[in-house]
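Have a look at the structure first, then follow the notes by topic.

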Amino acid sequence: MGTRAIVGVMGSGREEHEEKARQIGGLLASLGVHLLTGGGRGVMTSVSRAFAEHPERQGLVLAVLPAQPGDTLCTPPSGYPNPWVEVPIRTHLTLSGERGQEPLSRNHVNVLTPKVIIVLPGSAGTVSEAALALGYRRPVVAYLDREEMPDLPKGIPATTDLEVLRRFVEGHLAREPEGRS
């Protein structure tokens, strides 16, 4: 039994961007990967739902959950995990927002875990994840028009073409795992 690659999807915690999320969830399910999100509402819910409901999917819905500030039991905030999360990864780390690049933000785990990262429209937390992905030199692509997310870091390719996105993801999934020759 081999291991499955993990693909992370980052996006709004408020807005679902249902059409884009449905397309991405279906694409990733058809590729046989695990899906990783932050486990909350918005894009995290809609892409997880689309992935989980896909009839041919083989991977699982994973989520890196934040903890409520100061909670020694590391209880996730209300709304976490969303109902589609199958493997909740509880942490002591915080919600991101504008502090998404700070050392105790779960965004570091969100961008270091997947083999490929897809960015959907979002605000400060999503922008910080995108910036971290660039900083860590992770393969990252945005499925949006740059006008939808003007603060998206310049070094991240953006496309509205699902086939271009598919080729980007498949190309990076086909590469040898890090640390192997």
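**Fold and local backbone**

From the N terminus on, the elements run β-α-β-α-β-β-α-β-α-β-β-α, with helices (H or I, at least four residues) and strands (E, at least two) taken as DSSP runs and numbered from the N terminus. The radius of gyration, taken over C-alpha atoms, is 15 Å, close to the 16 Å from the globule rule for 181 residues, so the chain is as compact as a globular protein of that length. That rule is 2.2 Å times the number of residues to the power 0.38.

This is a predicted model, in which local features need pLDDT of at least 70 and side-chain atom pairs count only at pLDDT 80 or more, while totals for chains, interfaces and linings use all residues. Residues are numbered from 1 along each chain as its sequence is written, and side-chain values use heavy atoms, with hydrogens and water left out.

**Overall make-up**
- The chain has 5 helices and 7 strands.
- Buried residues (under 20% relative accessible area, 1.4 Å probe, protein chains only) make up 48% of the 181 residues.

**Loop between H4 and E6**
- Arg137 lies between helix H4 (124-135) and strand E6 (140-143).
- Although not a glycine, Arg137 has a positive phi of about 60°.
- Arg137 counts as exposed (over 50%), at 75% relative accessibility.
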